[in-house]
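Biologist: Hi, could you walk me through this one? I'd like to hear about helix packing.

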Amino acid sequence: MPKDRQVSHVKFCFLIFGNHVIMGFSWRRMFQSQSQGNLTRVILHCDLNNFFASVAMIRNPELRGKYIAVCGNPSLRKGIVLAKSENAKRMGVKTGMAIWEAKRVCPEIEIVPTEYDAYEKYSKQVQAIYYRFTNQVESFGIDECWLDVTHSQKLFGDGLQIADKIRCAVKDELGLTISVGVSFNKTYAKLGSDLAAPDAVMAITLENYRQLIYPLPLGNLLFIGKKTQALLTKLNIQTIGDLANYDVNLLKNFLGINAEKLVAAARGEDYSDVSDYLFHEVPRSVGNGTTVPFDLTSKKEVEAVLYLLAEKIAFRLRRHNLQGYTIHLSIKDAMLHWCGAQTSLPYPTHAVLTIRRTASTIFDQLWVQKPFRPVRALRIAVANLTDAPNLQTNLLADLNDEVKNQALDDAFDKIRRKYGTEQIMLGGTAQSYQKLGFKLNMYDCDDVDHLTCDEV
Ligand SMILES: [Mg+2]
């Protein structure tokens, strides 16, 4: 199961959190931290069990006991399994399966639509419970969090007792269950929650980690990508224990500097902190993408989608006081092939028109062949981010343009906050959205900490 879980997690990020923000934490924070010392830390990793399916059952009690698959909307061509109930999982239903495949392995399956607002709401309520026990709560996706409870033990008991108190509170108050891993670092705490049964706690201690962690397949370790895993398999490194016991210097020949980090992770030498709730990372990029309900067959239709994506991204950038220099566009054609390109601007932007115009130019460069090839999906990302400076009207002509574009966005924001998102739109876009079946509802799409959905 852990392997399956790891895979589904990756898919989860890709499929559901396509509206992505790639956080700049990974290795840097995983292995460079101030908390190295003699104190044995107590870290929990809390993972909500079958989160989407569980929320569906709370909101629709008649679904209890049935086989459930939460799926994207088939009429919008997003009809794949995003989450499933425990019993459906046992029948062989997997995340990422097409609906027809799920029905084949589990004929009684009930297909349930996604309810992102509800997931957000429950996720925040669960986190509110975590905060009762510590202020160091770091979310990892919508259904997982690390908690550092080292200094909470005097108040609430040892790590296992705290884990159990949290597990009971989440269950009693919200009707959701969690698996909790308790360990002395984040990497092992996460592996502990993978090993724990639903609604249970698993401790990975200094005494038992070799026995429990080392036999696990390599793919269970966070941040092991497919390429790295393939390379390590060639070296006959199959388990976490194989990696932990490997000669680092030898491995450096194959993996370079990453060798040390990977071996350290396998050995549980992960000294990274659980971030405080006041701590916010600067993300590396902010992006939105969507699969359209029918293939786009003209540049005009493409423009409408680009505008919609640019609106979403610009809004999120502005909300977090960020701007980016680099605009990236990815396009999927009707044959499901992706291609993409990026361009950098001489100044950072969070203006809708600038992002849309730049993406449109990239599109023209990528889609030069005639006749027009149908487009199935589009994604824009703004990268190379910086805190938003106050742009002064000066010097460069295109900077003046940028100032105007940003002023327009500010005006839109003000009107929308007062009267609603759809009360003001750029000429012609409302009709295009209607035709494409889109709703511009960006004010529900909150912050960059949540790697929210792929749908616009
Ligand atoms: Mg989960």
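Modeller: Happy to! A crossing counts as left-handed if the near helix is turned anticlockwise from the far one by less than a right angle, and as right-handed if clockwise. Helices here are DSSP runs of H or I with at least four residues, strands are E runs of at least two, and both are numbered from the N terminus. By that rule, α13 and α14 make a right-handed crossing. This is a predicted model, where local features need pLDDT of at least 70, side-chain atom pairs count only at pLDDT 80 or more, and totals for chains, interfaces and linings use all residues. Residues are numbered from 1 along each chain as its sequence is written.

Biologist: At what angle do α13 and α14 pack?

Modeller: About 130 degrees, with the axes of α13 (residues 248–255) and α14 (residues 258–267) 8 Å apart. Axes are lines fitted to C-alpha atoms, for helices over the stretch in contact, and angles run from 0 to 180 degrees between N-to-C directions.

Biologist: Which residues of α13 meet α14?

Modeller: V248, L251, K252 and L255 meet N258, A259, E260, L262 and V263 in α14; contact means C-beta atoms, placed from the backbone, within 7 Å.

Biologist: New topic: how do α15 and α16 cross?

Modeller: The axes of α15 (residues 299–319) and α16 (residues 352–366) come within 8 Å, crossing at roughly 140 degrees. The crossing is right-handed.

Biologist: And how many helices and strands are in the chain?

Modeller: The chain has 18 helices and 13 strands. Among its contacts between residues at least 6 apart in sequence, 65% join residues at least 24 apart.

Terms used: Contact = placed C-beta atoms within 7 Å.
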